[in-house]
Amino acid sequence: MSLPEKAFPVSWDQFHRDARALAWRIAGVGNGWKAIVCITRGGLVPAAIISRELGIRVVETVCVASYHDYTTQGDIQVLKEVDSALLADDGEGILIVDDLTDTGKTAGLVRAMLPKAHFATVYAKPKGRPLVDTFVTEVSQDTWIYFPWDLGFTYQEPIAEGHKG
Ligand SMILES: O=P(O)(O)OC[C@H]1O[C@H](OP(=O)(O)OP(=O)(O)O)[C@H](O)[C@@H]1O
Ligand code: HPA
Ligand SMILES: [Mg+2]
């Protein structure tokens, strides 16, 4: 397991604010969305917030997994496809939501299912950025984003201790 150099920890409060900021940006793009398609599991949390903010009550999932060993990406697996009723019109009027795009592999796969859908993520890294239409914050490729649902309270070593030779 190789740990990325930089850490970007996100609290629940910050995630809520960032997901709301994403909802504001999507509201500026258009309205009348037919449904949200959220990419599980990470997309479930921003999808709940966006669904509430924009009044989109039809929320579908596409279930994809690729990071099987914490920070190491393996083969991408589609565990559940999008309901065929939502595949009409190549995804026109559909809002795809995920927590982040990193290498862009997941975004590329789901985009191919719904080519005309609008793709939104809360965070984006440079490799994945060209695959999403709307995002809130970009972090560098060598940064790992720690989401609040993956974290607990632990002792933090003082900064100076970590720099001792
Ligand atoms: O741009 P990529 O390199 O494809 O990575 C981004 C994807 O990786 C994570 O999901 P993961 O597959 O770990 O599953 P999870 O959402 O269940 O945590 C994250 O939630 C994105 O969906
Ligand atoms: O930076 C990340 N953080 C959490 N999950 C992820 N899945 C891909 N990249 C990341
Ligand atoms: Mg995911």
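Me: Before we start, what does "in contact" mean for two residues here?
Reply: Two residues are in contact if their C-beta atoms, placed from the backbone, lie within 7 Å. Keep in mind that this is a predicted model.

Me: What about K105?
Reply: K105 lies in helix α3. K105 is partly exposed too, because 17 other C-beta atoms are within 10 Å and a buried residue needs 20 or more. Beyond residues up to four places away in sequence, K105 touches S66, Q73 and I76.

Me: Which residues of α3 are buried?
Reply: Those are T106, A107 and V110. They cover an arc of only 95 degrees around the axis, so they are on the same side of α3.

Me: What covers them?
Reply: The cover over the buried residues of α3 includes β2, β3, β4 (72-80), β5 and β6.

Me: Switching to ligands. How many residues surround ligand 1?
Reply: There are 20 around ligand 1, and the closest are G42, Y67, D102, T103 and T106. Elements giving two or more residues to this shell are β2 (35-40), β3 (59-69), β5 (94-101) and α3 (105-113).

Me: How does that shell split by class?
Reply: The shell around ligand 1 has six nonpolar, nine polar and five charged residues.

Me: And which residues are around ligand 2?
Reply: Around ligand 2 you find Y67, L100, D102, W144, I145 and F147. By class, five are nonpolar, none polar and one charged.

Me: What does UniProt list as "binding site"?
Reply: An unreviewed UniProt entry places that feature at D102, T103, G104, K105, T106, W144 and I145. The unreviewed entry also lists D102 and I145 for "binding site".

Me: Tell me about D102. Where is its place?
Reply: D102 is in the loop between β5 and α3. With 24 C-beta neighbours inside 10 Å, D102 counts as buried. Not counting residues up to four places away in sequence, D102 touches K125, K127 and G128.

Me: And I145, which strand is that in?
Reply: I145 lies in strand β8 (residues 143-146). I145 counts as buried, with 20 C-beta neighbours inside 10 Å. Leaving aside its neighbours within four places in sequence, I145 is in contact with F8, V10, L100, Y123 and V139.

Me: Last topic, the core. How many residues are in the largest nonpolar core?
Reply: That core has 34 residues, and those with the most contacts inside it are I36, V37, I50, L95, I96 and A120. At least two core residues come from each of α1 (12-29), β2, α2 (44-54), β3, β5, α3 and β6 (118-124).

Me: What is I96 in contact with, leaving aside its neighbours within four places in sequence?
Reply: I96 is in contact with V37, I39, V110, L114, A117, H118, F119 and A120.

Note on methods
Residues numbered from 1 in each chain as written. Chains lettered and ligands numbered in written order. Predicted model: local features only at pLDDT ≥ 70, side-chain atom pairs only at ≥ 80, totals over all residues. Near = placed C-beta within 6 Å. Helix = DSSP H or I, 4+ residues; strand = E, 2+ residues; numbered from the N terminus. Nonpolar A, V, L, I, M, F, W, Y, C, P; charged D, E, K, R; others polar. Core = buried A, V, L, I, M, F, W, Y, C linked by C-beta atoms within 7 Å. Buried ≥ 20, exposed ≤ 12 C-beta atoms within 10 Å, placed from the backbone. Arc of directions from axis to C-beta. UniProt positions renumbered as here; feature names shortened; annotations may be inferred.
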